[in-house]
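Reader: I have a new structure to look at. Please show me how to read its features, one at a time.

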Amino acid sequence: MSQATMTIREKDQMYRLIISQLLHDGYHEVAQQLSKIVSPVPDCPPSDRLQRVVQLGLHAEPDRQVPVNISDTVAPATSIDLDFDTEVQSSAPEAAQYETCYVTAHKGPCRVAAWSKDGQLIATGSTDASIKILDVERMLAKSASTASTTDTVESHPVIRTLYDHVDDVTALDFHPSLPILVSGGKDFTVKLFDFSKSTVKKSAKTIQEVAALRCTAFHPTGDYLLVCTEHPTLRLYDVNTAQCFVSHNPKDQHKGSINMVQYNPLANMYASCSKDGSIKLWDGISSRCINTLESAHSGEHICSVQFSRNGKYILSSGKDSLVKLWEIATSRTLITYTGAGSDQQKSRTQAVFNHTEDYVFFPDEKTLSLCCWDSRNAERNKLLSLGHNNVVRCIIHSPTGPGFITCSDDFRARFWYHRPDN
């Protein structure tokens, strides 16, 4: 199509592609100058989509032999993908549209939570050494009910309360397919609970560790378990035999306590983050470190890591109150989400995608509110007041729907949900 026949919309799209490509390639000043001239709305995220369009055009030229790249033929996944979806109009609710549907209280600060893979159950853990398992449908039904009826065993949202730790509960994760919950605590133990039996409050299996637990993560098959402790060595356990594996190369390990670990969806890679300020990527088969992002947040402690569902990106947060989106293939920061109120966080918390990966959520320690950004262009949306009267130590978003849970040092866990308009 010649320039004379291009519509205004097509020209706008062309300039958006140019700006996104400049940002992707690191030419931020040039991209900013061009943005001032053409004023794209909304802001353009970094993307190499223009490069791909040019490659496809070159492939179509006659008498030109260009090898086909496998990545050119792969369809985009249902996830954030800056190579394809730079102009997506999201139908998912932003943070300010959620409302509190249920509140549960522990007898001590609530520090950790987990969501089951099917989105039906939530577990919360506290410094009072207890664990609660809550049913999402029952919480929604209770919040929607207008009758002041007395709770029955069949309708109460808390379906299990588990007691087997003797110190703070600091790690939780659901088995991907079985009614098993794994927990870790400051009592140096990993415990596996079979919560299918309502009368059982003690764990079915205990693994003794060498230090206080910080995070646990099931392999997508459920056969293996990654364990992070205050010790810098990352451990992998066979769930059935409790046999422990570590990388045979000591140089692979972190140099400080490990704060979080997570598998990517294909389980061929996992990521960990640490107080040493680094993010490490590990081979999911050999458990060898394959890449290290040093000083990922300017040397500050890294608090959380999360893979995008297509496995192309990692979302990280640090005690510098910044949230970053990393491209795994190039080890580069593509987007930095700024504007959280505190310049220096005192507590660890997480940054999370919403269920469609259109938004990024992050609790603001200073204002006790929730920051929300468009995941593709870092545009900040309205803050959501979280209703806690102390710092939020954990946020987990539902993998399947518009809901999330916040855990706070005010002893409470709040379940948030967006009900679609009638």
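## Reading the model

Author: Start with one residue. Serine 331 is partly exposed, because its relative accessible area is 31%. Buried would need under 20%, and exposed over 50%. One caution: this is a predicted model.

Reader: Where does serine 331 lie?

Author: Serine 331 sits in the loop between strand 20 and strand 21. Look at its backbone too. Serine 331 is not a glycine, yet it has a positive phi of about 60°.

Reader: Which residue other than glycine has a phi near 75°?

Author: That is alanine 129, and the value is positive. Alanine 129 lies in the loop between strand 3 (121-126) and strand 4 (130-135).

Reader: Is alanine 129 buried or exposed?

Author: Alanine 129 counts as buried, because its relative accessibility is 10%.

Reader: Let me step back. How many helices and strands does the protein chain have?

Author: Four helices and 28 strands. The chain has 422 residues, and buried ones make up 53% of them. Now take contacts between residues at least 6 apart in sequence. Of these, 50% join residues at least 24 apart.

Reader: Which strands pair with strand 19?

Author: Strand 18 (residues 302-307) is one of them. It pairs with strand 19 in the antiparallel sense over five bridges. Within that pairing, glutamine 306 has leucine 315 as its bridge partner. Strand 20 (residues 323-327) also runs antiparallel to strand 19, joined by five bridges. There, serine 317 is bridged to valine 323.

Reader: What lies between the paired strands?

Author: Read the turns. Strands 18 and 19 form a hairpin with five residues between them. In that turn, glycine 311 has a positive phi of about 75°. Strands 19 and 20 form a hairpin with four residues between them. In this turn, serine 321 has a positive phi of about 65°.

Reader: How do I read a nonpolar core?

Author: The largest nonpolar core has 27 residues. Val261, Ile279 and Ile314 have the most contacts inside it. Several strands each supply at least two residues of this core, among them strand 10 (213-218), strand 14 (258-263) and strand 18. A second, separate core has 18 residues, including Tyr102, Trp115, Met139 and Leu140.

Reader: What is valine 261 in contact with?

Author: Set aside its neighbours within four places in sequence. Valine 261 is then in contact with Cys215, Ala217, Leu226, Cys228, Leu234, Tyr270, Ala271 and Ser272.

Reader: Why does proline 363 count as buried?

Author: Because its relative accessibility is 4%. Proline 363 is in strand 23 (residues 359-364). Beyond residues up to four places away in sequence, proline 363 touches Thr349, Gln350, Ser369, Leu370, Leu386, Val392 and Ile395. Glycine 341 is 22 residues from proline 363 in sequence, and the C-alpha to C-alpha distance is 9.6 Å.

Reader: One last residue. Where is serine 347 found?

Author: In the loop between strand 21 (332-337) and strand 22 (352-353). Serine 347 counts as buried, because its relative accessibility is 13%. Leaving aside neighbours within four places in sequence, serine 347 is in contact with Lys319, Glu365, Val391 and Arg393.

Key
Residues numbered from 1 in each chain as written. Predicted model: local features only at pLDDT ≥ 70, side-chain atom pairs only at ≥ 80, totals over all residues. Heavy atoms only, no water. Pairing = 2+ DSSP bridges. Core = buried A, V, L, I, M, F, W, Y, C linked by side-chain atoms within 4.5 Å. Buried < 20%, exposed > 50% of the residue type's maximum accessible area, 1.4 Å probe, protein only. Contact = heavy atoms within 4.5 Å.
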